[in-house]
Amino acid sequence: AVNGMIKYEEVVIDNCCMMFVKNPALFDVLVMPNLYGDNISDLCAGLVGAATLVRGIALAEAVYGSAPDIAGKNMGFECLFHEKFGKSNCFTAEWCSMLRHLNLHDKADLIQNAILNTIAEGKYQTADLGGKAKTIEFTNAIIDHL
Amino acid sequence: MGGRSIAAGSMKLKGMVKHAIGSGRSVTYMPRPGDGAPRGVTLIPGDGIGPLVTRAVEQVMEAMHAPVYFERYEVHGDMKRVPEEVLESIRKNKVCLKGGLKTPVGGGVSSLNVQLRKELDLYASLVNCFNLPGLPTRHHNVDIVVIRENTEGEYSGLEHEVVPGVVESLKVMTKFCSERIAKYAFEYAYLNNRKTVTAVHKANIMKLADGLFLESCRQVATKYPSIRYNEIIVDNCCMQLVSKPERFDVMVTGNSLRFSFPPQNNDMNNVTPNLYGNLVANTAAGIAGGTGVMPGGNVGGDHAVFEQGASAGNVGNEKLVEQKEANPVALLLSSAMMLRHLRFPSFADRLETAVKRVISEGKYMTKDLGGVSTTQEVVHAVIANLD
């Protein structure tokens, strides 16, 4: 047991929101009830760039929810994908988490590196990352990088 | 001769620089006879940084010879209730300016800030978050007004322990309160030439509670066809707020969050239920420069209470109080809002212009804005910059 080595602090949620947008480096691990968690996790996602880059470990479920306003327009992978906004990133990253969970670490690393290289290259980026590629183009680029 | 013309030249230059910000005279405001009589304002210094920043406002008002006089009352967060004499004073004056009242966390004591709002039925809380020239932030063109329902929602204060270890907390939403906050948001947008009102909600989960709120907003929206209306779920709202805040204008929320954004438009009004409003307002404040600079107020049918827009982490920390380095800008801008509410527009303009000049010059700024000045130094700078 490592009691005493982890610092514990409490912060009121409205102050937390404000501190978050001014200096997110202040925080390490956050724990909070349901509704606040919903909002803060999306807030974090906005801060790092897009919901699609954030990985959630809720049984490998994509973090951004079901986006009811754009559902039904050209489905991608599963029903969590929307080609218009190409949120493929998040989902593939989830596959990595799942693969690690199943102890298939080398495969997970392969996919993760492919994703990171594709984003770093900057040639194929989906709309939420500032580019114009469709889901399928982005996915093909990831496959090329494997 | 040379010396005098150089001096005159530099005075002229100083005048030009001084007048570069604000200070263009618009068409004269024509008062009714007797409008210049001094108005009484109830002043509650409060806890923490409250006394420091309210003192700042008093000093600036005196320097301007503004037609307001303050009736000061001591209220502290550890009192059980807001004293009746304070409520009487606010009911008489109709206007109050206050610092924060420290709310104990947990412990079953209700917040005095919330109590005050409920007693006086100040059902609309307003926070204006905008970029100030001289205060660079990650985003530009931010100008968001968050209008938050102030009396119900998650702040109903109804909690009980069902069995040991299980607590139930009630969120109460009524058609009456949702309608009037929606009406206030659209009226605000209409009177302030705002283009969009956005309702922030979580109706996909809280179908009945937030659904009721949305229904009310939609009904009111039909009466203002020239104002664009849209809706956004609160979590998405948070995300959009930190990545593209310039899309928001006026947001209306129930007590929790307020967000709303109009696409391709720089100003937004958001209307939100209570808890969302609190979170949205603070996030927007952080985006646009911090809680030290955002003005706000609470208004109801009969009274108005002006205070700092977003909470200062309850009442700010002790170090700020000790070293007297609290930022008075937020309360100064709120007091400018108060002056407009009292129909003293040119005093409001002068105060706002002076504050904006000080920020833009960048010489006297408190720690939260990256400077080293004390509260008093900022106040002197503002007074020096008054027209």
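Visitor: Why does Asn193(B) count as exposed?
Guide: Its relative accessibility is 55%. Exposed means over 50% relative accessible area, buried under 20%, and partly exposed in between (1.4 Å probe, protein chains only). Asn193(B) is therefore exposed. The model is predicted, so local features need pLDDT of at least 70 and side-chain atom pairs count only at pLDDT 80 or more, while totals for chains, interfaces and linings use all residues. Residues are numbered from 1 along each chain as its sequence is written, chains are lettered from A and ligands numbered from 1 in the order written, and side-chain values use heavy atoms, leaving out hydrogens and water.

Visitor: What stands out in the phi of Asn193(B)?
Guide: Phi is near 55 degrees, a positive value, and Asn193(B) is not a glycine. Asn193(B) sits in the chain B loop between helix H5 (175-191) and strand S8 (196-201). Helices (H or I, at least four residues) and strands (E, at least two) are DSSP runs, numbered from the N terminus.

Visitor: Which residue has a positive phi of about 55 degrees although it is not a glycine?
Guide: His65(B) has that value. In chain B, the loop between helix H2 (50-64) and strand S2 (68-72) holds His65(B).

Visitor: Why is His65(B) called exposed?
Guide: The relative accessible area of His65(B) is 68%, over the 50% limit, so His65(B) is exposed.

Visitor: What makes Leu110(A), Ile143(A) and Leu146(A) a nonpolar patch?
Guide: A patch takes residues with over 30% relative accessible area and no salt bridge (a Lys or Arg side-chain nitrogen within 4 Å of an Asp or Glu carboxyl oxygen). Nonpolar side chains (Val, Leu, Ile, Met, Phe, Trp, Tyr) are joined within 5 Å, like charges within 9 Å. Leu110(A) lies in helix H4 (residues 105-121) of chain A. Together the three residues have about 300 Å² of accessible area (Shrake-Rupley method, 1.4 Å probe; for residues, only the protein chains shown count as cover).

Visitor: Which residues gather in a patch of positive charge?
Guide: Arg32(B), Arg39(B), Lys94(B) and Arg343(B) do, on the surface. Lys and Arg count as positive, Asp and Glu as negative; His and the chain ends are not counted. The charge is placed at NZ of Lys, CZ of Arg, CG of Asp or CD of Glu.

Visitor: Why is Arg32(B) called exposed?
Guide: The relative accessible area of Arg32(B) is 55%, over 50%, so Arg32(B) is exposed.
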